[in-house]
Amino acid sequence: MSDIIAAVSTGRVVSAIGIVRLSGEGCIPLAFSVFTPRGQAAAKTVEDRKLILGALHDRQGRIIDEAMLTVSRAPHSYTGEDTAEFHCHGSPAVLSAALEALFAKGARQAGPGEFTKRAFLNGRMDLTQAEAVIDLIEAESAEAAANAAGQLGGAMGKKITPVYNRLTDVLAHFHAELDYPDEDIDPLVLSEVEAAVAHCAGKLREILATYGRGQVLRRGIRAVILGKPNAGKSSLLNALAGFDRVIVTDIAGTTRDTVEETVKVGRHLLRLMDTAGIRDTADEIERLGVARAEAAAREADLAIYVCDSAAELTDEDFRAQEAAQEAPAAIAILNKQDLPQVVAPSDLPFEWIVPLSAKTGEGIDQLEDALDAIFDEEIPCDGSILTNTRQAGACARALEALERCRQGLAAAIPPDAALTDVEEALLALGEITGKSMREEVVGKIFSRFCVGK
């Protein structure tokens with residue numbers, strides 16, 4: 001990592017401010033080679049994290065912007081190396097010219113996530129913190145951002161590390177007694193090993209128990225809209241989205257495939273999926289759409305059954321109701337409240353029933369109330385909720401290994417055989433924080449990042 005990397009960190013679109021970032025040994029004098037500060041500031045004397053005003057030059061030496069430069073010296077920087085940042089006007093032409101000037105002086109283009117990767121490799125953050133960076137960038141709600149910020153601060157690592165350390169102590173004691181039999185080392189007490197393994201397994205179980213809530217927090221509630229044709233499913237999606245996301249007509253079967261849109265209803269982020277109207281049809285394409293609708297209900301967190309409350313219930317309604325009840329949670333919408341009513345709430349087999357009009361928007365607030373009641377569990381947004389699928393998988397493998405160890409100890413197998421499962425658990429836990437991560441996996445993780453981060 002001795003080379004100097006550079007990248008535009010704010011994207012190549014017109015904006016008020018644009019940032020060009022550098023990292024690596026020698027990047028500070030390199031930055032000054034394309035920058036003329038006002039006053040007497042020089043690369044060796046400039047203070048860390050202090051903005052300096054000056055002229056930014058292109059590779060021909062022409063002034064292309066009046067910019068600000070700030071530097072941070074190793075190890076007190078984001079990457080743990082010397083870093084520098086130009087804060088320019090956000091012209092893509094200026095940013096490109098500045099980058100070309102830096103390349104001409106010896107820097108190279110940074111790869112995706114390379115700044116954060118260097119921070120990880122230099123010990124500035126563990127892998128849970130590094131992955132929290134991309135979660136923070138991609139957060140679609142304030143709650144998800146707050147949780148990612150907590151993980152960036154090391155909250156998840158602080159939960160994993162004590163488990164890792166205790167298991168390490170167990171193995172260290174065992175190997176010390178095995179390798180140095182003549183030393184005055186206290187003998188390994190199996191009951192203490194069993195207690196330690198049980199304690200660590202319990203901690204991992206607690207962490208894994210948060211993963212379901214973490215997925216809802218990170219990606220939102222997967223909600224599928226079901227109902228017979230022309231019940232108002234697409235009108236409901238459009239009303240919640242705030243624009244005409246789906247074509248709405250009086251022709252039955254207009255929606256033939258699933259249509260997705262992310263909307264915010266109160267404090268809830270919904271990943272809504274509009275589906276084909278559920279009915280028997282000879283149209284092969286529409287029939288496939290109906291099958292997708294019914295399958296989507298089984299995979300969703302929430303089913304929203306939309307009923308045309310101005311018309312009698314039909315077999316198609318009953319089929320849609322059955323599909324909705326396949327989901328872990330369900331809400332019935334008595335739509336078309338702006339018309340004379342035929343269907344009453346007591347006619348529907350749902351705990352949560354919301355009368356509304358997708359056409360006028362009246363009653364939408366009651367849908368928010370129903371969501372609050374169903375998803376009423378207060379999710380802490382302090383970084384303690386497990387949201388990352390890779391981390392959850394490693395945590396589950398560690399727990400499985402500890403359970404095998406417990407079973408082995410209970411069956412009185414030799415300790416050295418049982419403790420191989422503890423070693424396996426340690427490897428899995430090391431994958432979470434990055435202590436035992438393969439290089440190709442690390443590369444795959446950081447490839448998700450944007451260039452410049």
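Is Asp421 buried or exposed at 13% relative accessibility? Asp421 counts as buried. Buried here means under 20% relative accessible area, exposed means over 50%, and partly exposed lies in between (1.4 Å probe, protein chains only).

The views below show a predicted model, in which local features need pLDDT of at least 70, side-chain atom pairs count only at pLDDT 80 or more, and totals for chains, interfaces and linings use all residues. Residues are numbered from 1 along each chain as its sequence is written, and side-chain values use heavy atoms, with hydrogens and water left out.

**View A. A salt bridge joins Asp421 and Arg404.** The closest N and O atoms of the pair are 3.3 Å apart. A salt bridge is a side-chain nitrogen of Lys or Arg within 4 Å of a carboxyl oxygen of Asp or Glu. Asp421 lies in helix H14 (residues 415-433) and Arg404 in helix H13 (residues 389-410), so the pair ties together parts that are 17 residues apart in sequence. Helices are DSSP runs of H or I with at least four residues, strands are E runs of at least two, and both are numbered from the N terminus. Arg404 is partly exposed, at 34% relative accessibility.

**View B. Asp3, Glu81, Arg108, Glu114 and Arg118 form one network.** Salt bridges that share partners join these residues. A search of the whole structure finds 24 salt bridges.

**View C. Glu138 and Arg448 form a salt bridge.** Their closest N and O atoms are 3.5 Å apart. The pair links distant parts of the chain, 310 residues apart. Glu138 sits in helix H4 (residues 127-138), and Arg448 in the segment after helix H15 (439-446). Glu138 is partly exposed at 42%. Arg448 is also partly exposed, at 36%.

**View D. Lys50 pairs with Glu47 in a salt bridge.** The closest N and O atoms are 4.0 Å apart. Lys50 is partly exposed, with a relative accessible area of 44%.

**View E. Seven strands build an open, mixed sheet.** The order is S3-S4-S5-S6-S2-S1-S7. Strand S3 (35-37) and strand S7 (108-109) stand at the edges with a single partner strand each, so one side of each has no neighbour in the sheet. Two strands pair if DSSP finds at least two bridges between them. Strands of a sheet pair through backbone hydrogen bonds, either parallel or antiparallel.

**View F. Strand S6 (residues 83-90) is mostly covered.** Six of its eight residues are buried. Strand S2 (residues 15-23) runs antiparallel to S6, joined by eight bridges. Arg21 stands opposite Glu85 of S6. S5 and S6 are antiparallel too, over five bridges. Here Val71 faces Ala84 in S6.

**View G. Strands S4 and S5 pair in the antiparallel sense.** Six bridges connect S4 (residues 52-57) with S5 (residues 63-72). Ala55 has Glu66 in S5 as its bridge partner.

**View H. Leu167 is buried in the model.** Its relative accessibility is 0%. Leu167 belongs to helix H6 (residues 155-179). Leu167 and Ala425 are 258 residues apart in sequence, yet 8.5 Å apart in space, C-alpha to C-alpha.
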